[in-house]
Amino acid sequence: MSHSSTFLILIIFLIASSSSATTRSRKARYQLSLDFYAKSCPKLDQLVASVTSQQFKEAPVSAPATIRLFFHDCFVQGCDASVLISSKPGSKEVAERDADDNKELAQEAFDTVDMAKALVERNCPGVVSCADILAVAARDFVHLAGGPYYQVKKGRWDGKISMASRVASNLPRSNATVDELVRLFSSKGLTLEDMVILSGAHTIGFAHCKQFVSRLYDYKGTKQPDPSIDPRLLKALKMSCPHYGGNTDIVAPFDVTTPFAFDNAYYGNLMAKLGLLASDQALFLDPRTKVLVQEMAKDKSKFFQEFGVAMDKMGSIGVKRGTKHGERRKVCSLHVG
Ligand code: HEM
């Protein structure tokens, strides 16, 4: 072997090993952990729990609202609490939370995070990120509503960028096809299975009429209702949601059978044509996702187990660490910079 080819192999080896080292160190740097605040804020989970349990009693809508808030945070710019930042008065740039797709995020969710953050700041000042508090609060509400209690890894920093213009392309539409959903979820590192499991969050909460009204009166331009809605549900939804001129504040429950309980009824509903959004019902209509829907409808403990795993995966999207891209805000809505 000539000197030059040895040299080339050596260079290739060095490049390969250094790039795998950076990948490794980058991964290590951004990895979340269960004991991240073990020394700096050991009571974090209890502090957040005292707020979430109180909120659940006083304003139960905080549960679905906070779970959704966490989803909208993670899908846009990663789980970095960028959805919590308020637009600056007078500034041209509008923040994520004021984007059209976020307008219906309920205030109770923001209030819950603010209250939990204030309590945590009193006990462990300047240590815990808003992004971690949101992740923990979402888990608490899943559990308070009857769902699984899964461990939440921590170590997210808060992001510094929050732009309304980045929201729409990163969130799913209520009439999305399974293909579109798969594409979006896979762009976040989530599989088709993760998508079906995470959609099970629609076992609690509500949607505004505009999100499904076209299914009731004019499905895909046919001037007919969506044939995959149960006729009794169709009738009930039509009464709440007229084709035109209805009250824009009216909402319908995602899970008509047990709207306040975090259970696996969502999947049984899909099998019985009781899905609320076209994107929900599509999961039973598409052969790729149908089997999983049936499996989850049959086995609640499997759903609970998988839901915890999928939330952990979703909670790791685009995690930030360090002062270049991140910060730890004192007040979650306020990015000073
Ligand atoms: C699969 C694609 C998804 C679509 C198309 C979708 C769409 C929607 C829509 C349109 C609403 C109703 C908003 C309103 O009218 O106020 C909603 C609510 C909700 N979404 Fe999703 N979503 C999806 C996935 C998820 C995921 C992954 C989660 C969480 C893990 C989630 C959690 C929720 C919750 C809990 C609510 C109820 C909010 C409340 O009652 O305040 N969704 N979703």
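I began at His202, which sits in the loop between α7 (192-199) and β2 (206-208). Helices (H or I, at least four residues) and strands (E, at least two) are DSSP runs, numbered from the N terminus. The model is predicted: local features need pLDDT of at least 70, side-chain atom pairs count only at pLDDT 80 or more, and totals for chains, interfaces and linings use all residues. Residues are numbered from 1 along each chain as its sequence is written, and side-chain values use heavy atoms, without hydrogens and water.

Next I looked up the iron. The iron atom of the ligand has a single protein donor, His202 (NE2), 2.1 Å away. Donors are N, O and S atoms within 2.8 Å of the metal (3.2 Å for Na, K and Ca); water is not among the atoms, so sites may look incomplete.

Then I turned to the domains. The assignment, automatic or from a database, gives domain 1 (44-171 + 315-327) and domain 2 (178-311). Their centres, taken over C-alpha atoms, are 24 Å apart. In contact (heavy atoms within 4.5 Å) are 18 residues from domain 1 and 17 residues from domain 2.

Last, I looked for charges. I found 1 salt bridge between domain 1 and domain 2. A salt bridge is a side-chain nitrogen of Lys or Arg within 4 Å of a carboxyl oxygen of Asp or Glu. I also noted that the side chains of Glu104 and Lys210 meet in a salt bridge (3.2 Å, N to O). On the side of domain 1 that touches domain 2, helix α3 (residues 62-75) gives the largest share, 6 residues.
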